[in-house]
Amino acid sequence: MSEIRMLTAGEQGLVLEFGDSIDESVNIRVHQTARLLRQKLAGDLIEVVPTYRSLMIYFNPLRIRREEIIGRIRSLLTEGGDVAAPSGDARVVRIPVCYGGEFGPDLPFVAQHNRLTEDEVIQIHTATPYLVYMLGFTPGFPYLGGMSERIAAPRLEQPRTSIPAGSVGIAGSQTGFYPIASPGGWRLIGRTPIRAFNPQSEQAFLFDAGDYLQFVAVSASEYERVRQQSDAGTYQPETCRLAKGGAPS
């Protein structure tokens, strides 16, 4: 409890900081705490927003005082000794990607920069599930952890003014994809046809922070088939569970 810092953020905000670095164990604590607060303080909080290493908590100061919120949070964390782990294994959402060509114009650069072939970059990029540390930048944009340094690449010196929705990119040692069309400076290596953000849907986001994503290489014809299903609203992504030890099952 002592290592958690509580900081004021405006009249109705409170930030809980769990560490100073991007670390999977820290991020897991962030999401565990978010679940606990949503469950135990649902009537007092407006929103709980997890980030890499902190939680942003919004409350109504006309309904409850900041000191009372802080006291209740401290009691919850102290009484439990620590935040209980979530039940069950983590969910893994499989993301189909067509790599290279017009969908991934920066794939040759990433390969050359790392002295690899394009196929080797794809193999490394699809080899492991990535933890969704947080969603941000644009609605549903996943900031993912766990990418191999073997395919790390610098951002573009001059960002593109428009990137198509679904574009999969690399920036430094991070990877992710753009759920909607937007500007951006990540190196584009492929594109997924799925809609990760759909404001008309009952569940607007395809995945949540705390889930895992695993990219799966598909052909251009498979990309088109999935795109048509996604546009029609009939596509259901493949999911599995991340068993203890880190292997999807």
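In what sense do β9 and strand β12 pair, and over how many bridges? In this predicted model, β9 and β12 (residues 187–191) are paired in the antiparallel sense, and four bridges connect them. Within this pairing, R187 of β12 is the bridge partner of I170. Strand β10 (residues 174–177) also runs antiparallel to β9 and is joined to it by four bridges. I170 takes part here as well, with T175 as its bridge partner in β10. The β9 and β10 strands form a hairpin with two residues between them, and G172 in the turn has a positive phi of about 65°.

Strand β9 spans residues 167–171 and is mostly covered, with five of its five residues buried. In a regular strand, side chains alternate between the two faces of the sheet. In β9, S167, G169 and A171 point one way, while V168 and I170 point the other way. Residues of both sets are buried.

R187, the partner of I170 in β12, also lies over the face of F109, at 3.8 Å from the ring centre.

A separate open sheet is formed by four strands in the order β1-β2-β4-β3, with antiparallel pairing. Its edge strands are β1 (5–8) and β3 (45–50), each of which pairs on one side only. From one strand to the next, the twist averages 20°. The β1 strand pairs with β2 (residues 13–17) over four bridges in the antiparallel sense, and M6 stands opposite L16 in β2.

Helix α4 covers residues 118–125, and V121, I122, I124 and H125 are buried in it. Viewed down the axis of α4, the buried residues fall within an arc of 165°, and they therefore line one face of the helix. D119 and Q123, on the other side of α4, are exposed. The loop between α3 (107–113) and α4 contains R115. Most residues other than glycine have a negative phi.

F137 is located in the loop between β6 (130–135) and β7 (142–145) and is exposed, with a relative accessible area of 53%.

The count of aromatic pairs in the model comes to 13. One of them joins F137 and Y178 in an edge-to-face arrangement, with 6.2 Å centre to centre and 80° between the planes. This pair links distant parts of the chain: F137 is in the loop between β6 and β7, and Y178 is in the loop between β10 and β11 (182–184), 41 residues apart. Whereas F137 is exposed, Y178 counts as buried, at 0% relative accessibility.

F141 and W186 form an aromatic pair that is likewise edge-to-face, at 5.3 Å centre to centre and 85° between the planes. F141 lies in the loop between β6 and β7 and W186 in the loop between β11 and β12, so the pair ties together parts that are 45 residues apart in sequence. F141 counts as buried at 1% relative accessibility, and W186 is buried with a relative accessible area of 4%.

Definitions and conventions
Residues are numbered from 1 along each chain as its sequence is written. This is a predicted model: local features need pLDDT of at least 70, side-chain atom pairs count only at pLDDT 80 or more; totals for chains, interfaces and linings use all residues. Side-chain values use heavy atoms; hydrogens and water are left out. Buried means under 20% relative accessible area, exposed over 50%, partly exposed in between (1.4 Å probe, protein chains only). Two strands pair if DSSP finds at least two bridges between them. The arc is that of the directions from the helix axis to the C-beta atoms. Axes are lines fitted to C-alpha atoms, for helices over the stretch in contact, and angles run from 0 to 180 degrees between N-to-C directions. Rings of Phe, Tyr and Trp (its six-membered ring) pair if their centres lie within 6.5 Å; planes under 30 degrees apart count as stacked, over 60 as edge-to-face and the rest as tilted. A charge sits over a ring if NZ of Lys or CZ of Arg is within 6 Å of the ring centre and within 35 degrees of the ring normal.
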